[in-house]
Each structure stands twice: as structure tokens, then as C-alpha cells.
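Work through the exercises below with the sequence and the structure at hand. Each task is followed by a solution in steps.

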Amino acid sequence: MKKDHLTEANIVVQLIKGDENAYAYLVDLYYDSLCVYASNLARDYFESEDIVQNVIVKLWQRRNKLSEDISIKNYLYKSVYNEFVDSYRKHVAVSALEKKYIEGLDTFYETKDINDTLPLKVIIEKEIEQLPLKCKETFLLSKRDGLTYTEIAEYRNISVNTVENHMSKAFSILREKLKDKAKLFLCFLFRKKPSGV
């Protein structure tokens, strides 16, 4: 495989076919920058290397599930982000205060509205499912997967402004549908992200 004639599409096709040279080329091309990105997330060099190595191993293991038209760069960066989130959830201890807050929130989330037989969780999830497709996908990437608006824009190949419009529309629809029955939960769900999203 001649590196001079490689395109991203060629690399992905060769990787799917099990070409070890394409895999090695990808590792050489992205490993250092992925480590820098992971280090910015984890704030720990050794942990960031573990994260990237896990992503690289999984890339090879799951190569036959890749789509030929994906952006391999975006795929790798999103995989590093997801690996970091998984690692964070497993290893970071939650403070006693946060635990009490989460427990209280879970209790509220599972309670039933006086006029309904369904838990609020089910009602909210039902309304999310009924959002317009693009709004729903964007909303879930943000609130379920934890991606920033910039990451969503890169992942979906749209502008940050479009992401903001989808989120604003989703919030508006959900607030109108749910009204006051889930006000406390929605305040938590729709909390503002830190600057830089």
C-alpha cells in the first residue's frame, strides 16, 4: 500500500478488508493526536494512552462493521470521547452530596404523576421519541451521549448553529408537551452546558 496515493476512503475500504498495513498506517497517522485529545479530556497522560489503545484495538476488532463512507478521523475522535466517558463513569467516585442529589432525582424520575398511571420517565421518553427525527437525534447525542454542540456538529457534518436550532426546537416541544408535570426534572435535564460547547 503506497502512502502517497491513500485517501481516507481507500484506507477505510482496505481496513474493512482486513489490511494490516492500512491499520498500521491509521495508527501511525492518528495515535499521537488522539493521545493529546484524550489527555485534554482525562487530564492524565497514562490514562489517555489506555483510552487510545482501547480505541485502536476496538477499531481492528470492529473493522468489518465500519461503513465505507465514514470519516475515519471523526469516528476515531468520537470513539476516544466515548471511551473516556465510559472510563470516567467507572473510575470517578461520586461525592456523598452528589449521590444524595442523584438518589433524590431518581426518586422523582420514577414517581408517577397524580393524573397518570405511567412513571414520568416513561412519559418523558415517549415525548422524546415523538420529536422530529433530526431534533431527536441531536437531542439524544447531547443529553444521552454527552456530546458538546461542537462535537455533534462535527459528527453529523452540520453547523453548530444548526445543532443549536435543533436543540432549541426540541426543548420548546418538550416543554409544551410536558408542561408543569416534569418541571423539576426538565430543569435538570435542560441545564446549561458549560461555555465552549
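**Exercise 1: Confidence**

The model is predicted, with a mean pLDDT of 75 for the protein and 71% of the residues scoring at least 70. Find which element has the lowest mean pLDDT and which has the highest, then examine the stretches below 50.

Solution. Step two: locate residues 108-114, where the pLDDT is below 50 and the model has 20 contacts beyond near neighbours in sequence. Step three: do likewise for residues 190-197, also below 50, with 15 such contacts.

**Exercise 2: Elements and burial**

Describe the secondary structure, the burial and the contacts of the protein.

Solution. Step one: count the elements, which gives ten helices and zero strands. Step two: take the 197 residues and apply the cut-off for burial, under 20% relative accessible area; 35% count as buried. Step four: take contacts with a separation of 6 or more; 60% of them join residues 24 or more positions apart.

**Exercise 3: The largest nonpolar core**

Which residues touch the most other members of the largest nonpolar core, and which element gives the largest share?

Solution. Step one: among the 45 core residues, Val 52, Leu 59, Ile 72, Val 80 and Phe 139 touch the most other members. Step two: list the elements that give two or more residues, including helix H1 (8-16), helix H2 (20-42) and helix H9 (160-178). H2 gives the largest share, twelve residues. Step three: follow Ile 72, which, leaving aside neighbours within four places in sequence, contacts Glu 8, Val 12, Leu 26, Tyr 30, Leu 59 and Leu 66.

Notes
Residues numbered from 1 in each chain as written. Predicted model: local features only at pLDDT ≥ 70, side-chain atom pairs only at ≥ 80, totals over all residues. Heavy atoms only, no water. Helix = DSSP H or I, 4+ residues; strand = E, 2+ residues; numbered from the N terminus. Buried < 20%, exposed > 50% of the residue type's maximum accessible area, 1.4 Å probe, protein only. Contact = heavy atoms within 4.5 Å. Core = buried A, V, L, I, M, F, W, Y, C linked by side-chain atoms within 4.5 Å. pLDDT = per-residue confidence, 0-100.
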